[in-house]
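Me: I have a structure open and would like to go through it with you. Could we take the charged pairs, then the strands, then the backbone?

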Amino acid sequence: MPLLEQRSLHHIDPRLAGVEMQLKEAYYNLDKTTSSFDSDLDNKLKSFKRYKWWAVGIAIPLLFLAPFLLISIIPICFLLKHSLKSFTKGVLTRAYMMAPIASALNLEYSVGGNLLICEEAISAGILAKGGRAVAEDGFNGEVNGIPFYFTEVHIRTHHQNNDSKRLFNGAVIKLSMPEPVDTPIVVLQDAGLWNMLINRSQSLKGLQRVKFEQKDFEKEYQVYAKDEETCREVLTPEYMAQLSQVKTFFSSSHLPKGLKIPEVKAQMFIEGSDILISLDYGANLFSPKKLQKEYDPSWAEDIAKQFLLIENLAKSLVR
């Protein structure tokens with residue numbers, strides 16, 4: 001595995017100056033760990049060869065009783081081995097290589113994400129429920145002195161026939177504001193004909209619809225709150241414009257080459273000091289498949305840009 005080439009990330013953000021040496025060391029450690037894992041896995045598979053005569057004795061009767069079973073075992077074993085190696089390398093790559101970049105940007109990175117804020121978003125009614133949620137690639141830090149948390153989350157339904165349907169593929173951001181809001185506020189994407197069903201949502205109990213004069217905002221969102229006056233004080237025209245501009249952060253100029261996000265659906269919940277935002281962008285920003293190309297130093301630039309994308313997005317959502 002070739003060493004990571006020297007390439008300055010200072011031009012992306014001054015805080016990244018000098019991080020290349022840390023990436024070089026992390027890359028070396030990643031190489032040793034993945035090589036050791038591959039070797040251990042191969043050795044464990046080789047240990048099964050001592051039982052080959054027993055396997056032959058079992059295989060002969062199976063050849064007559066269920067030939068299709070015997071034929072399917074070999075490709076299944078091969079696929080399991082390949083999948084395990086691919087998955088493990090993807091997780092290790094993120095664990096080793098993304099932490100130095102996050103640390104340089106004063107962010108704390110976690111491969112496993114933060115499932116707690118996903119559950120908060122589900123309870124708040126801004127994240128799909130009824131499926132299995134998987135959180136990954138989470139980090140937290142501060143923007144303008146305000147603590148924030150980010151985690152990618154993927155939610156899919158599961159049925160007995162193994163069919164699944166994507167309910168949500170995006171992220172949840174949580175901001176902890178110094179000044180609490182007295183009334184709960186829910187900002188949902190306008191669902192057209194489905195709005196009648198949304199009005200019966202459990203999370204909107206006790207809240208009333210609040211309409212605004214901004215036509216573009218009203219066309220895209222529906223707002224619910226317990227106290228209309230407080231809601232209008234919080235959702236100023238300037239802040240509504242910031243929420244409407246969320247999708248611009250996911251334009252091609254901010255994303256790695258080859259990654260396209262045509263549509264972003266944003267929803268928000270405000271209560272007390274907490275602001276929760278769900279972003280359904282139908283993609284995986286920190287995809288292991290892309291990170292497996294760690295041999296190409298340009299991947300570090302892509303990851304740095306994605307960290308900065310989320311950081312700048314969080315800044316824009318601070319009240």
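Predicted model: local features only at pLDDT ≥ 70, side-chain atom pairs only at ≥ 80, totals over all residues.

Me: Which residue does the side chain of R209 meet in a salt bridge?
Reply: The partner is E218, and the N to O distance is 3.1 Å.

Me: Is E218 buried or exposed?
Reply: E218 is buried, since its relative accessible area is 15% and the cut-off for that class is under 20%.

Me: How many salt bridges does the count come to?
Reply: The count comes to eight salt bridges.

Me: Let's take K174. What is the distance between the closest N and O atoms in its salt bridge with E120?
Reply: The closest N and O atoms of E120 and K174 are 3.2 Å apart.

Me: Which residues are linked in a network of salt bridges?
Reply: D13, R15 and E311 are linked in such a network.

Me: Now the surface. Which residues form the negative patch?
Reply: The negative surface patch consists of D182, D227, E229 and E233. D182 sits in strand β4, which covers residues 166–189.

Me: Why does D182 count as exposed?
Reply: D182 counts as exposed because its relative accessible area is 74%, and the exposed class begins over 50%.

Me: On to the strands. How do β2 and β3 pair?
Reply: Strand β2 (residues 132–143) pairs with β3 in the antiparallel sense, over eleven bridges. Within this pairing, A133 stands opposite I155 of β3.

Me: How many residues separate β2 and β3 in the hairpin?
Reply: There are two residues between the strands of this hairpin.

Me: And what joins β3 to β4?
Reply: β3 and β4 are joined by nine bridges and run antiparallel. R156 has R166 of β4 as its bridge partner.

Me: Why is β3 described as largely enclosed?
Reply: Strand β3 spans residues 146–156, and eight of its eleven residues are buried, so the rest of the structure largely encloses it.

Me: Backbone next. What is the phi of N144?
Reply: The phi of N144 is near 55°, a positive value in a residue other than glycine. Most residues other than glycine have a negative phi.

Me: Where is N144, and is it buried or exposed?
Reply: N144 is in the loop between β2 and β3. Its relative accessible area of 61% makes N144 exposed.

Me: What about the phi of D137?
Reply: D137 is not a glycine, yet its phi is positive, at about 50°. This residue lies in strand β2, and D137 counts as buried because its relative accessibility is 0%.

Me: One last topic: contacts across the sequence. How far apart are A304 and L9 in sequence and in space?
Reply: A304 and L9 are 295 residues apart in sequence, while their C-alpha atoms are 8.2 Å apart in space. A304 is located in helix α10 (residues 298–316). With 0% relative accessibility, A304 counts as buried.

Me: And Q267 with V223, how far apart are they?
Reply: Q267 and V223 are separated by 44 residues in sequence and by 9.9 Å in space, C-alpha to C-alpha. Q267 is part of strand β7, residues 265–280.

Me: Is Q267 buried or exposed?
Reply: Q267 counts as buried, at 18% relative accessibility, which falls in the class under 20%.

Notes:
Residues numbered from 1 in each chain as written. Heavy atoms only, no water. Patch = residues over 30% accessible without salt bridge, like charges linked within 9 Å, V, L, I, M, F, W, Y side chains within 5 Å. Areas by Shrake-Rupley, 256 points an atom, 1.4 Å probe, with all protein chains shown as cover. Salt bridge = Lys/Arg side-chain N within 4 Å of Asp/Glu carboxyl O. Lys, Arg positive; Asp, Glu negative; His and termini not counted. Charge placed at Lys NZ, Arg CZ, Asp CG, Glu CD. Helix = DSSP H or I, 4+ residues; strand = E, 2+ residues; numbered from the N terminus. Buried < 20%, exposed > 50% of the residue type's maximum accessible area, 1.4 Å probe, protein only. Pairing = 2+ DSSP bridges.
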